[in-house]
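Hi everyone, thanks for coming. Let me put the structure up on the screen, and then I'll walk you through a few places in it.

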Amino acid sequence: MRELRPLVRWVVVLMGSVMTLSGCTYAAMHKLSLDEQAEFHLYQKVMTPSQERAYLAKATAAERTAYLSEIGLAQRFQALDPSDREAIMGGMPRVGMSAEALLFLWGSPYYTAGDASRYAHWYYLGSSLNLADYSNQYYNSGNRVDVYLVAGQVTGWVDYIPSDIPRKRRIP
C-alpha cells in the first residue's frame, strides 16, 4: 500500500494541473470581446494547446491578431477558397470543400484511412451538427461522422451510429 502513495500523489498533482490549465484557458477566452471570441473559435481547431495559451496570453486584440499571422494561421485561412471560408464561418461542410478547410471547420479527425490527396476517409466522433462547435466529442463517441475525400476535396459525409449488435446466424 505504501508503494502506491507516491503514484497517487503524482496522479493528483497531474490532474490538478490539467484542470487548472484548462480552467485558465476557459476563463481567459471569456474575457475576450465577442468579435475576439469569434476569431479565436475560427482558428482554435488548428491551434496546438500551447498556441492557444500563447494567443490568450496576449494583452490586446492587435497582439492576438499579429500572433495569428506570426504562426501562419491567418495566411492559411486566407489561402482557402472564398466559398470554403464562407462554409467554415457558417459551421457546415460542403461538397467540394478542401481538406484544409475541413481542418479549420471540424479540427483533426479522430482516425484517418488512406491518403487525402488521393482517396481517404476521415472519421470524427460526434454529430456533424456539433462538430463545428466542439470538434471531436470523445464523451459522445456513440455518434460518428465518416467523411469521404477524393483528390483533397470533400465528396460527402455520413452521420451514423455504429451498432454492436451481433448478426444472427443462418441455420442451414
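Let's begin with S135, which sits in the loop between helix 8 (131–134) and strand 3 (144–150); helices (H or I, at least four residues) and strands (E, at least two) are DSSP runs, numbered from the N terminus. A quick note: this is a predicted model, where local features need pLDDT of at least 70, side-chain atom pairs count only at pLDDT 80 or more, and totals for chains, interfaces and linings use all residues. Residues are numbered from 1 along each chain as its sequence is written, and side-chain values use heavy atoms, with hydrogens and water left out.

Back to S135: its phi is positive, about 60°, although it is not a glycine. S135 is also buried, at a relative accessible area of 16% (buried means under 20%, with a 1.4 Å probe and protein chains only). A151, in the loop between strand 3 and strand 4 (153–160), is not a glycine either, yet has a positive phi of about 55°. Most residues other than glycine have a negative phi.

Finally, which residues of helix 2 (residues 34–44) are buried? They are E36, F40, L42 and Y43. Down the helix 2 axis, these fall within an arc of 160° (directions from the axis to the C-beta atoms), so they line one face.

Definitions and conventions: Buried means under 20% relative accessible area, exposed over 50%, partly exposed in between (1.4 Å probe, protein chains only).
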